[in-house]
Amino acid sequence: MSYRTQSLIKSNIELPSIEKKLSICLKSNGFSFSVISTQDILLAIGDVEHISDEPYNIVSSANEVRSYFTAQNIPFTGYSQVKLIVPSVYGVWVPDELYDESKQRQYLNIVGYKNTDLGITAVHNSTIMSQMVFSYNINTVAPYKVAFPGLIITNQHNALVNDYVRRWASDCPMILLNLRDNYMDIVVFVQSKLQLSTTYEVSSVKDVVMRTIDVMKRLNIEQPNTQLQLCGDVSRDIYAVFRDYFPIVRLYTGRPLRFGAQEMQQVHSYKYPFILS
C-alpha cells in the first residue's frame, strides 16, 4: 500500500479487547479510523490517504487497512465492536413500526435505486426509532465481514442522526452539514424532530450554500433562529463563506469524549463526524 498518514495519534493506555471499539470510515481516496473505549475514552485516531500512481481501489481497502494497522502496531482484531461506515448514494428512513425486512429493495426504489449489483442492509437508529435502509458495494464490504464477525455496517445518515444533534435542536432549528468530496450530507431537526436527512452532489461552496437555503425555504425555516453546524472537509475559507450567509454557524464536534493522550486535545474532531459520532 502506498499511503500518506494525514494524522495519527495513539494513546499508551492498555485495555482488554472487550473494552475497545473500532470504527473505520471508507473514503474515495483512503480511510479514517478511531479506537474508543467503552468508557468513551479516545484511544487512537488516524486519517490515511492513498498516494499511489495507481487509482485507489476501494474494493481492496480491507487488505490495505490491515497492512496499515500492522505497520503502525495497531491491533486489527479483538474488539468488542467493529463499525464500518460506508457512505452510500441510496438510503431511506423507515419507522420501526412500518419496517419489513423483506421489503428493503422496495424502500430503496422510492429514492431511485436500480442497481441490482449492490447489497442492501438496514441499521437501527435509536434516536428516531427508525431503520436506515441503504445500499453498499458487496465486494468492498465482504472482506470486512470475514475479518470482523458481527460487523456493524452503517452509512453517513445513520452516523449524523444522533442524540447530540437532536438535543441542540430543542430550542431552535438545527441544520448539520457534512462536506466530503463532491457531496454534502444534510440533516435537519426542528423541535427535536427529524425533518430531512439526505445527500446532494455539489460542485462548489456556493452550491452548498444555495442548496441549504433552498432546503430552509422548502421546510419554512427562518434564518435568524437557525443554528448551522459544519463538519467534514471544512476549511477556514469555507467557514467564512457560511458566516456571510447565516447568523449562527458552529463546527460540529460529535459526542463528548475523554482523551487518552494529551495530543488528542488538538484533534479537529469536526473533520471526523462518522468515526467520532
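**Strand 2 and its partners**

Reply: Strand 2 and strand 5 run parallel and are joined by five bridges. Helices (H or I, at least four residues) and strands (E, at least two) are DSSP runs, numbered from the N terminus, and two strands pair if DSSP finds at least two bridges between them. This is a predicted model, where local features need pLDDT of at least 70, side-chain atom pairs count only at pLDDT 80 or more, and totals for chains, interfaces and linings use all residues. Residues are numbered from 1 along each chain as its sequence is written, and side-chain values use heavy atoms, with hydrogens and water left out.

Me: Which residue in strand 5 does isoleucine 24 stand opposite?

Reply: Strands of a sheet pair through backbone hydrogen bonds, either parallel or antiparallel. Strand 2 pairs with strand 5 in the parallel way. In strand 5, the residue opposite isoleucine 24 is leucine 84.

Me: How many bridges join strand 2 to strand 3?

Reply: A hairpin through two residues connects strand 2 to strand 3. Across the pair, serine 23 faces serine 34 of strand 3. The two strands run antiparallel, and the number of bridges is eight.

Me: How many of the eight residues of strand 2 are buried?

Reply: Buried means under 20% relative accessible area, exposed over 50%, and partly exposed in between (1.4 Å probe, protein chains only). Over the chain, buried residues make up 48% of the 277 residues. Strand 2 (residues 20-27) is mostly covered, and its buried count is six.

Me: Is serine 32 buried or exposed?

Reply: Serine 32 sits in strand 3 (residues 30-37). Contact means heavy atoms within 4.5 Å, and beyond its neighbours within four places in sequence serine 32 is in contact with residues including Ser23, Ile24, Tyr272 and Ile275. With a relative accessible area of 5%, serine 32 is buried.

Me: What is the angle between the planes of phenylalanine 76 and phenylalanine 148?

Reply: Rings of Phe, Tyr and Trp (its six-membered ring) pair if their centres lie within 6.5 Å; planes under 30 degrees apart count as stacked, over 60 as edge-to-face and the rest as tilted. The whole structure has ten aromatic pairs. Phenylalanine 76 and phenylalanine 148 form a tilted one, 4.9 Å centre to centre, with a plane angle of 45°.

Me: In strand 8, what is the bridge partner of valine 123?

Reply: Three strands form an open antiparallel sheet in the order 6-8-7. Strand 6 (91-95) and strand 7 (119-125) are at the edges with a single partner strand each, so one side of each has no neighbour in the sheet. Seven bridges join strand 7 to strand 8 (residues 130-136). The partner of valine 123 is methionine 132.

Me: What is the phi of asparagine 220 near?

Reply: Most residues other than glycine have a negative phi. Asparagine 220 lies in the loop between helix 6 (205-218) and strand 13 (227-232), and is exposed, with a relative accessible area of 69%. Its phi is positive, near 55°.

Me: And what is the phi of serine 192?

Reply: Serine 192 is in the loop between strand 11 (183-190) and strand 12 (193-201). Serine 192 is partly exposed, at a relative accessible area of 25%. Though not a glycine, serine 192 has a positive phi of about 65°.
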